[in-house]
Amino acid sequence: MADSVSIQKLVTDLKLQVYAGQAYLKNKVVTVSDISRPGLELTGYFNYYPYERVQLFGRTEVSFTQNMMPEERLMIMRRMASEDTPCFLVSRQLEPPMEMLKAAEEAGIPVLGSNLSTTRLSSLVTDYLEGQLAERRSMHGVLVDIYGLGVLITGDSGVGKSETALELVKRGHRLIADDRVDVYQQDEQTVVGEAPAILRHLLEIRGIGIIDVMNLFGAGAVRAETSISLIVHLQNWSQDKQYDRLGSDTEAQMIFDVPVPKMTVPVKVGRNLAIIIEVAAMNFRAKSMGYDATKTFEANLGKLIESNSDEEESEKI
């Protein structure tokens, strides 16, 4: 988990414009993901001013300042430009007030801009900061994007996770992370996985070594991150263990506060795990859309039992 994000990184990753304060980008940091739209502050109310947040000015805020006297505008901007204020951010390519630029320069605060609407920009910055500042954990496994679904393949070391991922990549799917997956909770229902920087785009195959998936298969074979929709646990086949044959048993694994659906696939010589996992992802998507083959089978079985019962009753008569 990162304690802070530099304004330089914010500008680079979100492609923001720098109106003023280029020299302060590396030193200024933001430590919270919440955004402040300083409406009350512009009227002079500073009792609960969230100084540590990115201060976002939209059309409403900028137009309000235009009705203020220059001296009043400068006084308000100076009060907003606290030592811990990370930056001022102006949306819609609006021209920042001269008093904002002056107060920001005095306090060493960058003034940034974007051509996005205020609502869109607020959502973009909030989502980005939540992802950067979120608590992260490492999980052992391989994360692959299969038809748009993030599938986390887990299992004991040597069970064949990386080899299965390689086959999935050859079948047109995308690798996110091999061996170690960094995960964080994006919201109440979503967990996101990504690769550590040192392992990005790399895959380890025993007997071959480290391969660069992006170099061998192209940019379309990798992805930076994805939400984890399904966990497939590979387990060595055992005659003493009972495996789900109908798909009616529902299992989930908690990652942070989010329950992620999980299925166990037995590994045995001759089984094509890549195809099995690919079909598992397709079947999971079908179930999420309301098409459940298990329910169809159970309905057909019920009809067959009912039909046989009717025939037995007829024979008795």
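This is a predicted model: local features need pLDDT of at least 70, side-chain atom pairs count only at pLDDT 80 or more; totals for chains, interfaces and linings use all residues.
Trainee: How many residues does helix 6 give to the lining of the second largest pocket?
Mentor: That pocket holds about 300 Å³ of space. Of the 14 residues lining it, Tyr128, Gln132, Tyr184, Glu194 and Glu225 are the closest to its centre. Two elements give two or more residues to the lining, helix 6 (118-133) and strand 12 (180-187). The largest share comes from helix 6, and that share is 5 residues.

Trainee: How do the lining residues of the second largest pocket divide into nonpolar, polar and charged?
Mentor: Keep in mind that Tyr counts as nonpolar here. Tyr128 and Tyr184, both among the residues closest to the centre, are listed alongside Gln132, Glu194 and Glu225. The lining divides into 6 nonpolar, 3 polar and 5 charged.

Trainee: What kind of aromatic pair do Phe46 and Tyr49 form?
Mentor: The structure holds 2 aromatic pairs, so let's take this one by its geometry. Both Phe46 and Tyr49 are buried. Their rings sit 5.3 Å centre to centre, with 70 degrees between the planes. Planes over 60 degrees apart count as edge-to-face, and the Phe46 and Tyr49 pair is therefore edge-to-face.

Trainee: How many residues apart in sequence are the parts that the pair of Phe57 and Phe88 ties together?
Mentor: Phe57 and Phe88 form an edge-to-face pair too, at 6.0 Å centre to centre and 75 degrees between the planes. Phe57 is buried, and so is Phe88. Phe57 belongs to strand 5 (residues 54-57) and Phe88 to strand 6 (residues 88-90), so the pair ties together parts whose separation in sequence is 31 residues.

Trainee: Which residue lies over the face of Trp237?
Mentor: Here we look for a charge over a ring, with NZ of Lys or CZ of Arg within 6 Å of the ring centre. For Trp237, the distance from the ring centre is 4.5 Å, and the residue over its face is Lys268.

Trainee: Is Lys161 buried or exposed?
Mentor: The unreviewed UniProt entry lists Lys161 under "active site", together with His140, Asp179 and Arg245. In the model, Lys161 lies in helix 7 (residues 161-170). Buried means under 20% relative accessible area. Lys161 has 7%, so it is buried.

Trainee: How far apart do the end C-alpha atoms of residues 5-129 lie?
Mentor: In the unreviewed UniProt entry, residues 5-129 carry the annotation "domain: HPr(Ser) kinase/phosphorylase N-terminal". The span is 42% helix and 16% strand. Its end C-alpha atoms lie apart by 8 Å.

How values were computed
Residues are numbered from 1 along each chain as its sequence is written. Side-chain values use heavy atoms; hydrogens and water are left out. On a 1 Å grid over the protein atoms alone, a cavity is a set of points where a 1.4 Å probe fits but cannot get out, and a pocket is an open set with protein on both sides within 12 Å along at least five of seven lines; lining residues have an atom within 4 Å of a point. Grid points are joined across faces, edges and corners, and a volume is the space filled by probe spheres set on the points. Helices (H or I, at least four residues) and strands (E, at least two) are DSSP runs, numbered from the N terminus. Rings of Phe, Tyr and Trp (its six-membered ring) pair if their centres lie within 6.5 Å; planes under 30 degrees apart count as stacked, over 60 as edge-to-face and the rest as tilted. Buried means under 20% relative accessible area, exposed over 50%, partly exposed in between (1.4 Å probe, protein chains only). A charge sits over a ring if NZ of Lys or CZ of Arg is within 6 Å of the ring centre and within 35 degrees of the ring normal. UniProt positions are given in the numbering used here, feature names are shortened, and annotations may be inferred rather than shown by experiment.
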